[in-house]
Amino acid sequence: MLQVKNIEKYYGNQNNVTKALDRVSFDVCDGEFIAIMGASGSGKTTLLNCISTIDTVSAGDILLEGENIADLPADRLARFRREKLGFVFQDFNLLDTLTIEENIGLALSLNHQDPGKVQNQVKAVASKLGITDILEKFPYQVSGGQKQRAACARAMVAGQSLLLADEPTGALDSRASKNLLEIMTGMNRDMGATILMVTHDAYSASYAGRVLFLKDGRIFNELLKGQRNRSVFYHEILDVLALLGGDVSDVI
Ligand SMILES: Nc1ncnc2c1ncn2[C@@H]1O[C@H](COP(=O)(O)OP(=O)(O)OP(=O)(O)O)[C@@H](O)[C@H]1O
């Protein structure tokens, strides 16, 4: 589904260059749940921004369902993002002036879909994520955990291929975080969502099936959960983080 091939990203100019990504390559298969971890400044957000077409790579290629995103003309980018990518951010990014229902259906409405059909699709996904009772409310009237579930619904309501999550539990307390991670696991396992999640948090990463560790812009290690349970996987993630060095308190 997603091929990241030897990508590099430099910031700055000739006198002051920061290499944020250094020959990063990996593939994501349809139906995978992958976490990307690394200390602050290791390149996680840069990687996500390049995959989400918000930023461009300095070298290398990113292919989503065989299509090279660097070749997309500017006028197709917004539509590409709406149709192929779903986003879940730390700070929810819901529009305050729209109801939860309107927020979830926004990508479909922007694609000029029939309002009746939009409503049916929104209701179907909202019911799966347990937020049917808040559809008429505005974001300020619901909890952080409910907002994030609405963001998850928005991220997959249009049948988007890939859900990109940037520190999705960052603004939630531990109970709401656990609830969201269980919802995301359900979206992955039962609804076939392919998820790429950036996180500082080993507990969040332990819900994924595979964890990629970035260090200084390069892939330092990779862990596969396989048949192990989440708690064993969590401890293995902590072991790799200890090897990664740096300020461990920063990454757990
Ligand atoms: N717009 C920019 N201009 C210049 N340098 C940048 C820019 N964005 C990021 N960088 C640099 O690129 C490197 C990678 O940054 P990035 O934000 O991707 O790291 P991160 O792993 O997401 O960190 P954090 O966990 O703190 O968000 C860092 O050295 C950072 O200072």
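In which sense do strand E4 (residues 59-64) and E5 pair, and over how many bridges? They pair in the antiparallel sense, over two bridges. Strands pair here if DSSP finds at least two bridges between them. Helices (H or I, at least four residues) and strands (E, at least two) are DSSP runs, numbered from the N terminus.

Before you go on, note that this is a predicted model: local features need pLDDT of at least 70, side-chain atom pairs count only at pLDDT 80 or more, and totals for chains, interfaces and linings use all residues. Residues are numbered from 1 along each chain as its sequence is written.

**Stop 1**

Select Leu63, which stands opposite Asn68 in E5. Axes are lines fitted to C-alpha atoms, for helices over the stretch in contact, and angles run from 0 to 180 degrees between N-to-C directions. Contact means that the C-beta atoms of two residues, placed from the backbone, lie within 7 Å.

**Stop 2**

The shell is Tyr11, Gly12, Thr18, Ala20, Gly38, Ser40, Gly41, Ser42, Gly43, Lys44, Thr45 and Thr46. Strand E1 (2-13), strand E2 (16-28) and helix H1 (44-51) each give two or more residues. H1 gives the most, with three.

Colour the shell by class. Two residues are nonpolar, nine polar and one charged. Ala, Val, Leu, Ile, Met, Phe, Trp, Tyr, Cys and Pro count as nonpolar, Asp, Glu, Lys and Arg as charged, and the others, Gly among them, as polar.

**Stop 3: the six-stranded sheet**

Select the other open sheet listed here. Six strands run in the order E6-E7-E8-E3-E9-E10, with mixed pairing. The edge strands, E6 (85-89) and E10 (218-224), each pair on one side only. The twist averages 20 degrees from one strand to the next.

Pick out strand E7 (residues 162-166) and strand E8 (residues 194-198). They run parallel and are joined by five bridges. Leu164 stands opposite Leu196 in E8.

H5 lies across E6 and E7, at about 165 degrees to E6. Helix H8 (residues 230-244) lies across strand E9 (210-215) and E10, at about 160 degrees to E10.

**Stop 4: helices against H5**

Select helix H3 (residues 100-110) and helix H5 (residues 144-156). Their axes come within 7 Å and cross at roughly 25 degrees. H3 and H5 are therefore roughly parallel (under 35 degrees). Ile100, Asn103, Ile104 and Leu106 in H3 meet Ala150, Ala153 and Arg154 in H5. By class, this contact has five nonpolar, one polar and one charged residues.

Finish with helix H6 (residues 174-191). H5 and H6 pack at an angle of about 20 degrees, with their axes 9 Å apart. That makes H5 roughly parallel to H6. Residues in the contact include Gly144 and Met156 of H5 and Ala176 and Met191 of H6. The contact has eight nonpolar, four polar and one charged residues.

Definitions and conventions
A residue is near a molecule or strand if its C-beta atom, placed from the backbone, lies within 6 Å of it. Angles under 35 degrees count as roughly parallel, over 145 as roughly antiparallel, 65 to 115 as roughly perpendicular and the rest as oblique.
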